[in-house]
There are 4 protein chains.
Amino acid sequence: MTTTETQARAEAALYADFAAASLVPLWTQIGNLMPATPAPAAVPHVWRWSDLYPLAARAGELIAVGRGGERRAISLANPGFGGQPYATPTLWAAIQYLGPREEAPEHRHSQNAFRFVIEGSGVWTVVDGDPVAMRRGDFLLTPGWAFHGHQNATDQPMAWLDGLDIPFVHLTDSAFFELGPDQLSARDTPDKSRSERLWGHPGLRPLSSVATSYPKSPLAAYRWEHTDAALRAQLELADEGYPGVVEPGHAAIRFSNPATGGDVLPTLRAEFHRLRPGATTVTRREVGSSVFQVFQGQGTAIVDGVPHELGPGDLVAVPSWSSLAFAAAGTGVDLFRFSDTPIFERLHQDRVEIGE
Amino acid sequence: MTTTETQARAEAALYADFAAASLVPLWTQIGNLMPATPAPAAVPHVWRWSDLYPLAARAGELIAVGRGGERRAISLANPGFGGQPYATPTLWAAIQYLGPREEAPEHRHSQNAFRFVIEGSGVWTVVDGDPVAMRRGDFLLTPGWAFHGHQNATDQPMAWLDGLDIPFVHLTDSAFFELGPDQLSARDTPDKSRSERLWGHPGLRPLSSVATSYPKSPLAAYRWEHTDAALRAQLELADEGYPGVVEPGHAAIRFSNPATGGDVLPTLRAEFHRLRPGATTVTRREVGSSVFQVFQGQGTAIVDGVPHELGPGDLVAVPSWSSLAFAAAGTGVDLFRFSDTPIFERLHQDRVEIGE
Amino acid sequence: MTTTETQARAEAALYADFAAASLVPLWTQIGNLMPATPAPAAVPHVWRWSDLYPLAARAGELIAVGRGGERRAISLANPGFGGQPYATPTLWAAIQYLGPREEAPEHRHSQNAFRFVIEGSGVWTVVDGDPVAMRRGDFLLTPGWAFHGHQNATDQPMAWLDGLDIPFVHLTDSAFFELGPDQLSARDTPDKSRSERLWGHPGLRPLSSVATSYPKSPLAAYRWEHTDAALRAQLELADEGYPGVVEPGHAAIRFSNPATGGDVLPTLRAEFHRLRPGATTVTRREVGSSVFQVFQGQGTAIVDGVPHELGPGDLVAVPSWSSLAFAAAGTGVDLFRFSDTPIFERLHQDRVEIGE
Amino acid sequence: MTTTETQARAEAALYADFAAASLVPLWTQIGNLMPATPAPAAVPHVWRWSDLYPLAARAGELIAVGRGGERRAISLANPGFGGQPYATPTLWAAIQYLGPREEAPEHRHSQNAFRFVIEGSGVWTVVDGDPVAMRRGDFLLTPGWAFHGHQNATDQPMAWLDGLDIPFVHLTDSAFFELGPDQLSARDTPDKSRSERLWGHPGLRPLSSVATSYPKSPLAAYRWEHTDAALRAQLELADEGYPGVVEPGHAAIRFSNPATGGDVLPTLRAEFHRLRPGATTVTRREVGSSVFQVFQGQGTAIVDGVPHELGPGDLVAVPSWSSLAFAAAGTGVDLFRFSDTPIFERLHQDRVEIGE
């Protein structure tokens, strides 16, 4: 036996003994585990509203909502994950559909959740007993461990976007779940939630709650009229020659926790962007992944150099460290975005690179 | 000479030598310097709007506003201070009066300032070039080191309350002051300041500014309609059986920095309280001093057990650790309050005692 | 065809269309994704030092250390993961082995790392050009993005425990890696690193660095003599009747960042525990996973009710939410622990349950 | 009567009416209240140890220590304050003298305190029942509201520097004081306090206390051997070509809270500076005032351009915004410094200007 053969046999024996002892050598794995820059399994991918909505509607006819399944939510499964229901390794995005007069029963979980309403109205999400109206353009919170159920109080179906940190919580084994009452804890349908009545006044906080800590935003609803007004004001200020926009033709707001000024949820960031007709954003890469949904207008997402045309309701998943730019069509484009950036900022793993 | 006499002479010689060496023994001072509980020189005191306004108006006729004097502001001088223009040892409160078409020139200072508008409208305060309309019930900020001037754009005079941390800054030798241009940097009179257009949307912050730190609130104006709506909502929630008020019949908000959720200014806290007809607050003592101004209605401030009847525009200074309760008359009462509490909270010198 | 058959066919068609559209229904996945309490794939598992060290030594003979493989590190592969080299879903633990006079070349990565020395001495780890001696009982840091290499300056081999957040960084796509010079940037072998000379004085920080932020500890080495003295002092204080221990017979310290008082690394917590002969800890569950290594003595880890006897060098992985207690044998036991708890605390996903 | 006379009379009447109504016009005060840069009443002043110690010793013979007077402390009275016992508007500095076998009874107060030992040993300060040995060069804490008394366990007298925030607390009306037992709560004389045994290990914190907040440092003593070693190390690192010193020939440490990395007390900063023979510091101005004491060696403090020669034990008060540089004599010089800087940093009123 040659030296090489001896060595090869000894190595094979060693690797077998490693395996038997539940050990793995780093030196055979390091390229995969420690790449020069993030090497996501997730891929950039587009889901079309014109595909999603009819499938959701079919589910509405075939699948009942109730205890056990809990929600008629259809999740975006990134093609890079081989069927796992994750939009990115940390983010869950789903279309939830509630038929006329349907209800989804109450439960709570450690996963943080929000809803963004692409169209329609008539559903109230009941968060810890507080009914919150859902209307087009609204951004609504269900912070981790708040009980919640939904009620469609109309004769029309309604569909919206759910965003959660389910994959992150699953991967880190931090999931808790508890059923609530089978019946909704409140069925009134007020225009404004109690949360908004307490916390929805700009720069004013209730004195009764100043001693409480709010790691998650106490404001349950961020209404479209405010978002729209804020974006409009930024563009008008730009026209008047004043600062406010992110870059020329690009207005944006971050949904924030009025009790801290920080992100609405500890693991999730949410933003709304408006690009004027023909405007283009700078190209950026960021540690962390995002999902964008076009709210209105038309535009192009250029992800890692590949253009994707997007219209109302279309969603695109952007993996970590993918380069990304948006360009608005002649219509301009309004974009809702959510991401896992707070995870990286809080753990000092964040990085951003601007430009091509 | 007796032993006692010898001792007395030796002590006298020692004390003289101390004085000559710029030294003072603690043991003769400790009772004054280190009392069992705060022993303010400031006294509880009431200033009547019916006294203040006519004096301010007389000043308006006699005293010009301009470079040098800078402002036609008449400050509350706590009777405990022997003529020093301090409402409390840390707080300055003044009535500022601007005649028809008058202007106050631009300057800036390290002292933090706000305005609260008890009545009238028509003045714009120009803060770092941004004209901010002043209207009845509004609370307006001039954070330390922001250039500011005022313009009365009407044919009526206007008077309001100025609050600053002048005494605190003076006592701690941290005052800086700089003149600005003699002419106002902006004379337009918009309904909404640019600051409000960027920051005045509940829970929304401009993405263009998320990388900036805001130790002082970036929101220049807190409008009466929002304050009033927030207070009304708290009382309505109480009627419906939900939390929100501070105590029965007592609604209150804290003006807060939308970028942090904290106090509007590092040294000053500002709040608005509404007591229903007949409602009474619990009695409290706090480290730190306050000034209250009645905005509307009638009520009684019970300070250290002594009742003071107050009507619209009346001001009361409450020294540190004085016991304080408010009782609303049949009209109910709306109260603006400011205090130096952030100083004590940030330095961990805060204490509160509830109850008689 | 019956109604049931029709429904079944329609459902099958719907699910096929979901799959074709890269969608997955929540209602079939919710039990797995959102369990009542964490349901880790990781299992409690023990690795014996008597297995690990000989395998590491064999690797020392067969496998060269150098560019490409970078490190002769053999990682603990939790049996629940089907061969993936992860001790838990977030934590990496490996035995690194460096032969006489060997060197491991310099590189840096966004993953945070530490070393814990179970036995031996004679290696210097060079962190950003600062050689740090490694000796028995020491805890040593290589914060993310610091260049580092190792040098064995003796004629004996040396092995130690490496801990990193590799799985977490991999799962969240936040890995960056860069090669350094092939030759070590420093080959001197001082007793004390420069980092310790600047930062290793209790309660004293260099004035030259107060303006810098330290999300990661600037102290490269936590020496055994300090750890041992701190634990001894706690037990002596207990004997004298004073507070200090965690519970009777159980002393413990947390390795902390002298610039913040917080965890040494943003994603990793490290602690040292000493149990007196016969002492037992309370049973606890925590969100987040841990790896323990016995440093000296003998004891039993009771994980989810199952006892595991452990001696010097033995390691045990404890999954999230497993119940855990330790009991010391007649020898007492010294335990090194590291965990991913900072991730959960910073993201407000932490939970602890005390008692059976 | 001329117009001018009429005007003058009207103004005089107005000012009289202001005074009667407890009002003061800003326009006559603004120059004094709002200077261009801080205009302290305090002046730069030097107190000589050769004056202080003999006076303290005379007080030791004439004045008993005990209940009522509480402490034989002789405070530096800045000549700018007309006899008030304040070193600066915020800082108190005093020489405390305890005769052989004397005791000072226990009390507590909201004022924060420290001791710095210029010479001698043999006194134990008992802080919340924990006896803390006082030895030459040590820096010792008595955080606000901790009970404390002193015991001289030797046959020699001992004198040291006391530093407190008495003036600041007095000016802001936040003083609380409480007598403790007349007898000391502990008379043992250990080499190390319990506080040091728990907290005096570099980078290690007791696990039993991680859930507690420490706005004030839990470490009662910062020993000279550590301070000296830290300063020596910085200068040696400089000789070896590495960073660490503040500027050439100038080593310095800040005493810090091991639980937060921040200042030892919320209102007081403490530092130790070492200048090599002939070394000179850059000239600086800062908002906030300081007191320096020479520990050993000789040097010159140049305050607002005026040189003051200083030797061991000599103290100098430096008002806010005075320019300051130090120059060491051929002996080099070791300087203890304390200041009120945390007040300004926490309230965002801090400013620094480097250079002439």
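Contact here means that heavy atoms lie within 4.5 Å. In this predicted model, local features need pLDDT of at least 70 and side-chain atom pairs count only at pLDDT 80 or more, whereas totals for chains, interfaces and linings use all residues. Residues are numbered from 1 along each chain as its sequence is written, chains are lettered from A and ligands numbered from 1 in the order in which they are written, and side-chain values use heavy atoms, with hydrogens and water left out.

Under that rule, 84 residues of chain B are in contact with 84 residues of chain D. The area buried between these two chains is about 7,200 Å², buried area being the accessible area (1.4 Å probe) that two parts lose on being put together, summed over both. Carbon and sulfur atoms give 68% of the area between chain B and chain D. In chain B, the residues that lose the most area to chain D are Trp27(B), Asp173(B) and Phe176(B), together 10% of what that side buries.

The same surface serves both copies, since 100% of the contact residues of chain B recur in chain D.

Asp17(D) and Arg58(B) meet in a salt bridge through their side chains, at 2.6 Å from N to O. There are also 19 residue pairs in polar contact between chain B and chain D, both residues at pLDDT 80 or more. A polar contact is a pair of N or O atoms within 3.5 Å; within protein, one must be able to donate a hydrogen and the other to accept it, and residues adjacent in sequence count only if both atoms are side-chain atoms.

Several elements of chain B each supply at least two residues of the side that touches chain D, among them helix H1 (3-20), strand S1 (23-25) and helix H3 (49-62). Helices (H or I, at least four residues) and strands (E, at least two) are DSSP runs, numbered from the N terminus. The largest share of that side, 8 residues, comes from H1(B). By class, the side of chain B that touches chain D has 51 nonpolar, 22 polar and 11 charged residues; Ala, Val, Leu, Ile, Met, Phe, Trp, Tyr, Cys and Pro count as nonpolar, Asp, Glu, Lys and Arg as charged, and the others, Gly among them, as polar.

Strand pairing also crosses from chain B to chain D. S1(B) and strand S3 (residues 73-76) of chain D run antiparallel and are joined by 3 bridges, where two strands pair if DSSP finds at least two bridges between them. Within S3(D), Ser75(D) is the bridge partner of Val24(B).

Chain D also meets chain C. Arg197(C), Pro202(C) and Leu207(C) supply 20% of the area that chain C buries against chain D, more than any other three residues.

The interface of chain C and chain D holds 4 salt bridges. In one salt bridge, the side chains of Arg197(D) and Glu236(C) meet at 3.9 Å, N to O. S15(C) is joined by 3 bridges to strand S13 (residues 204-206) of chain D, and the two run antiparallel; Phe255(C) stands opposite Leu204(D) in S13(D).

No contact joins chain B and chain C, whose closest C-alpha atoms lie 15 Å apart.
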